[in-house]
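Please read the following walk through a two-chain model with the structure open. It begins with the contact between the chains and then turns to the parts on either side.

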Amino acid sequence: MMSFVPAVAVAGLRVVRGGKPVLRDVSFEAPRGSVLGLIGPSGCGKTTLMRCLVGVQIVQAGTVTVLGEPAGSRGLRRRVGYSTQIPAVYADLTVRENMRYFGAVLRAPRTDPDRVIEEVGLGDHRDQVVGTLSGGQLNRANLAAALLGEPELLVLDEPTVGLDPVLREELWALFRELSARGTTLVVSSHVMDEAGRTDRLLLMREGEILADASPRELTERTGTADLDAAFLHLIHERAESPA
Amino acid sequence: MSSVMSPAITAATTRRILAQLRHDHRTLGLLVGVPSLLMILLRYVFDTGALFDRIGPMLLGLFPFVIMFVVASVGTLRERTGGTLERLMTTPTGKLDFLLGYAFAFGLLSLVQVGVVLVISLTWLGLDLAGSVASLVLVAVLDALLGMALGLFASAFARTEFQAVQFMPAFVLPQVLLCGLLIPRDSMAPWLRVISDVLPLSYAVDAMQRVSREASFSTSLLWDVLVIAGFTLGALALGAATLRRRTG
């Protein structure tokens, strides 16, 4: 019965930050177990939309329903994992101390800190102080914290930024594996080649959704060879339409 | 509604803050070393035992207060600006878990801090104390917690660490001027006296004076202790009100 409820349902969402509209009437749904990509240039509202999903953003209008409950409800706080674009881990603690703390807060199993450290490939750095990690390692530590407690929804803001292609490949394999186990993922990126790995894509620009489709549908509908071209096509189409 | 707490999360937060301090040897050294160094300086600047006996205990309450204010305001500001507070606000962590985590961690730390200064003061520096050591420790730790609670609250009004550090003179120095350390509060102009009456540090310093002069734990001292504790709880409650799960 519950499985018919989409993992994420957003309707008429409007957010204003600093007097400027950042999200204008955004609506979409994501079924459970799917990988949803948020793609768009920097400043298009991806991060704000993700903040709405985890319930830390003040919203002007619209509804955000996550796993059947209003976003940010107390009941969701162990069921939703969030990793921010700017790593939010303690620079003066080791990787393991960070995971132990966030794990304790989430009442995750005691074995979880070691599991997530392995999953993001930081096993060799578990006792290293986070402040001394490289940028890519820091990003993975940040991602690891979101995996604690096996949340049903993962909201990941640019999780693969600054990673070499091999690591990116490994992380996407992990995301697909999580999705196969029933986890829903919302992943933002500004890299088009990552967009092709998602089940569904939201192409965003200036606080609006330009397209909501699978990568394949997008290239077919626009008659373009790749997603970059599809994105451009959609922007031109939007500019020409009277709206 | 969302400011419920859980003992397990509060304890985990306390452990985490203590672990952060454990990694930061320099901060730890400064926290414990600076008050001791200042007391030693003070003793030899005054050069007479009698004057040191009068001023020393007041400063013994003041140093932990000031240091905890700075450390707590910068520490929580780092959590606000570094995104870790936002991450915690998406987890079951209650606002009280967060604040009490800091209170317990810094409370423990101030116990060490006060303990070291006290041992040095009572032995090497020959501080003469009429009251009990236990009541002095109680008051000094309460003063430290008061400083911490005010620092947590003040950090809500700072956007940068530059601003947070400026709050120390802004919040603390007026209290130092009016707390009776420089001029007895009785001889102040009436309007200054009124202001002094509503500032928490006045009670902290008064309590320290009583501990140093009075052999028994008087009702006046108890009253001071209750006022300090009240201010601390009030500042923590205000601090909780400034923690927001949702921000613009």
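Which side chain of chain B meets that of A:Arg51 in a salt bridge? The partner of A:Arg51 is B:Glu86, with 2.5 Å from N to O. A salt bridge here is a side-chain nitrogen of Lys or Arg within 4 Å of a carboxyl oxygen of Asp or Glu. The count between chain A and chain B is two salt bridges.

The model is predicted: local features need pLDDT of at least 70, side-chain atom pairs count only at pLDDT 80 or more, and totals for chains, interfaces and linings use all residues. Residues are numbered from 1 along each chain as its sequence is written, chains are lettered from A and ligands numbered from 1 in the order in which they are written, and side-chain values use heavy atoms, with hydrogens and water left out.

The size of an interface is often given as the accessible area lost when the parts come together. Chain A and chain B bury about 2700 Å² between them, with 53% of it on carbon and sulfur atoms; buried area is the accessible area (1.4 Å probe) that two parts lose on being put together, summed over both. In chain A, the residues that lose the most area to chain B are A:Arg77, A:Tyr90 and A:Tyr101, together 24% of what that side buries. The contact (heavy atoms within 4.5 Å) takes 34 residues from chain A and 29 residues from chain B.

Across this interface, 18 residue pairs are in polar contact, both residues at pLDDT 80 or more. A polar contact is a pair of N or O atoms within 3.5 Å; within protein, one must be able to donate a hydrogen and the other to accept it, and residues adjacent in sequence count only if both atoms are side-chain atoms. Helix H1 (46–54), strand S6 (80–83), H2 and H4 of chain A each supply at least two residues of the side that touches chain B. H2(A) gives the largest share of that side, five residues. Helices (H or I, at least four residues) and strands (E, at least two) are DSSP runs, numbered from the N terminus.

H2(A) covers residues 95–105, and its buried residues include A:Val95, A:Met99, A:Tyr101 and A:Phe102. Buried means under 20% relative accessible area, exposed over 50%, and partly exposed in between (1.4 Å probe, protein chains only). The buried residues of H2(A) pack against helices H3 (112–119) and H4 (135–147) of chain A, and against helices H1 (7–23) and H4 (84–89) of chain B. Just after H2(A), A:Arg107 takes a positive phi of about 50°.

Chain A also has an open sheet of four strands in the order S2-S1-S4-S5, with antiparallel pairing. Strands S2 (20–30) and S5 (69–70) stand at the edges, each with a single partner strand, so one side of each is left without a neighbour in the sheet. Two strands pair if DSSP finds at least two bridges between them. S1(A) and S4(A) pair over five bridges, with A:Arg14 opposite A:Ala61. S4(A) and S5(A) pair over two bridges, and A:Val66 stands opposite A:Glu69. The hairpin formed by S4(A) and S5(A) has two residues between the strands, and A:Leu67 in the turn has a positive phi of about 50°.
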